Amino acid sequence: MATLGMTTDGGARPLTAFNEDESLFRDAVRQFSRNEIGPKVREMDEAGLFHMPLLKQIFGLGLMGIEIPE
């Protein structure tokens with residue numbers, strides 16, 4: 001498996017090219033955003049409040065305080 005910024009053969013890869021793990025993470029966040037956040041955006045904007053159960057889901061998915069390698 002390639003590490004951050006490296007290809008499997010040890011060469012550098014563009015920062016915009018994702019490895020398999022990064023692609024899976026991106027896709028999961030995209031799906032969550034579309035399915036869970038998107039439908040509530042207008043309601044939250046109009047109320048000026050964040051939907052607290054949604055925030056709990058975000059924490060539960062590990063999307064708050066994401067750690068990345070150096």
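This report walks through the helices, salt bridges and surface patch of a predicted model.

Residues are numbered from 1 along each chain as its sequence is written, and side-chain values use heavy atoms, with hydrogens and water left out. Because the model is predicted, local features need pLDDT of at least 70 and side-chain atom pairs count only at pLDDT 80 or more, while totals for chains, interfaces and linings use all residues.

**Overall layout**

The chain has three helices and zero strands, and its pattern along the sequence reads α-α-α. Here helices (H or I, at least four residues) and strands (E, at least two) are DSSP runs, numbered from the N terminus. Of the 70 residues in the chain, 16% are buried. Buried stands for under 20% relative accessible area, exposed for over 50%, and partly exposed for what lies in between (1.4 Å probe, protein chains only).

How do H1 and H3 pack? Their axes lie 12 Å apart, at an angle of about 165°. That makes H1 roughly antiparallel to H3, a label given to angles over 145 degrees. Axes are lines fitted to C-alpha atoms, for helices over the stretch in contact, and angles run from 0 to 180 degrees between N-to-C directions. The crossing of H1 and H3 is right-handed, meaning that the near helix is turned clockwise from the far one by less than a right angle.

**Salt bridges**

Side chains of opposite charge can pair when their charged atoms come close. A salt bridge is counted when a side-chain nitrogen of Lys or Arg is within 4 Å of a carboxyl oxygen of Asp or Glu. The whole structure holds three salt bridges, and here they are:

| Residue with N | Residue with O | N to O distance |
|---|---|---|
| Arg 26 | Asp 27 | 3.1 Å |
| Arg 30 | Asp 27 | 3.8 Å |
| Lys 40 | Glu 36 | 3.9 Å |

Arg 26, Asp 27 and Arg 30 are linked in a network. Within helix H1 (residues 20–37), Arg 30 and Asp 27 sit three residues apart, about one turn of the helix. Arg 26 counts as partly exposed because its relative accessibility is 30%. Asp 27 is partly exposed too, at 35%, and so is Arg 30, at 38%. Glu 36 is partly exposed, with a relative accessible area of 27%.

**A nonpolar surface patch**

Which residues form a nonpolar patch on the surface? They are Phe 25, Ile 66 and Ile 68, with about 320 Å² of accessible area together. Patch members have over 30% relative accessible area and no salt bridge; nonpolar side chains (Val, Leu, Ile, Met, Phe, Trp, Tyr) are joined within 5 Å, like charges within 9 Å. Accessible areas come from the Shrake-Rupley method with a 1.4 Å probe, and for residues only the protein chains shown count as cover. Ile 66 is found in the segment after helix H3 (52–60), and its 44% relative accessibility makes it partly exposed.

Note on methods
Angles under 35 degrees count as roughly parallel, over 145 as roughly antiparallel, 65 to 115 as roughly perpendicular and the rest as oblique.
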